[in-house]
Amino acid sequence: IATARQAPPQSAVHIVTDGAGSLTRAEADELGITLLDSYIVWEDQARPETLVDPARLYARMARGVRVSTAQASRYERHQHYQSLADQYSQVVYLCVGSVYTGNHACAVEWGAVRHGWHVVDTGAASGRLCVIARATARYATRAPSARAVLEYARRAADLSRE
């Protein structure tokens with residue numbers, strides 16, 4: 001479940017990223033970033049990834065419990081996108097790399113005709129996506145325009161390393 005937060009007032013654009021970016025909800029709130037979750041699945045449970053305690057998850061895995069991930073349904077993702085578009089005139093979605101999930105294709109398809117909806121295939125996940133999201137959110141607070149934020153995000157994705 002995505003929790004939309006108000007971006008800093010001077011921000012030219014609202015930043016969105018996937019929960020797969022290892023960014024905690026607290027960090028996202030501080031930076032004005034919206035997190036879009038995938039789900040962690042084990043046994044008969046599925047929980048949004050940012051609400052799963054990593055220590056408990058790793059303990060389950062150490063005990064041999066099979067753990068996997070699943071994407072939100074296409075419908076659920078579209079509902080989150082619409083909610084963001086209703087709240088913000090300019091959105092930059094720093095998407096987990098398209099080689100990992102179908103999130104990029106889904107977001108691009110949904111936003112193809114919507115002004116102000118920008119999707120960046122970061123090619124990243126985990127710590128690298130977190131670095132890109134943090135840097136872009138900080139830049140967005142001083143950027144002169146949404147276009148500048150989008151260009152910065154693309155460059156950050158190209159240059160970031162783990």
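Helices (H or I, at least four residues) and strands (E, at least two) are DSSP runs, numbered from the N terminus. What you have here is a predicted model, where local features need pLDDT of at least 70, side-chain atom pairs count only at pLDDT 80 or more, and totals for chains, interfaces and linings use all residues. Residues are numbered from 1 along each chain as its sequence is written, and side-chain values use heavy atoms, with hydrogens and water left out.

Most residues other than glycine have a negative phi. E43 has a positive one, near 45°. Look for E43 in the loop between β3 (39–42) and β4 (45–48). E43 counts as exposed because its relative accessibility is 63% (exposed means over 50% relative accessible area, buried under 20%, partly exposed in between, with a 1.4 Å probe and protein chains only). S126 also has a positive phi, near 55°, but S126 sits in helix α5. At 34% relative accessibility, S126 counts as partly exposed.

**Helix pairs**

Two packed helices are described by the angle between their axes and the distance between the axes. Axes are lines fitted to C-alpha atoms, for helices over the stretch in contact, and angles run from 0 to 180 degrees between N-to-C directions.

| Helix pair | Axes come within | Crossing angle |
|---|---|---|
| α5 (residues 126–140) and α6 (residues 146–159) | 9 Å | roughly 155° |
| α3 (residues 74–87) and α4 (residues 103–111) | 10 Å | roughly 50° |

So α5 is roughly antiparallel to α6, while α3 is oblique to α4 (under 35 degrees is roughly parallel, over 145 roughly antiparallel, 65 to 115 roughly perpendicular and the rest oblique).

Who does the touching? Contact means heavy atoms within 4.5 Å. Between α5 and α6, the contact residues include I132 and Y139 of α5 and V149 and Y152 of α6. They divide into ten nonpolar, one polar and one charged. For α3 and α4, the contact includes R74 and Y81 of α3 and C106 and W110 of α4.

C106 is buried, with a relative accessible area of 5%, and C130 is buried at 6%.

Terms used: Nonpolar A, V, L, I, M, F, W, Y, C, P; charged D, E, K, R; others polar.
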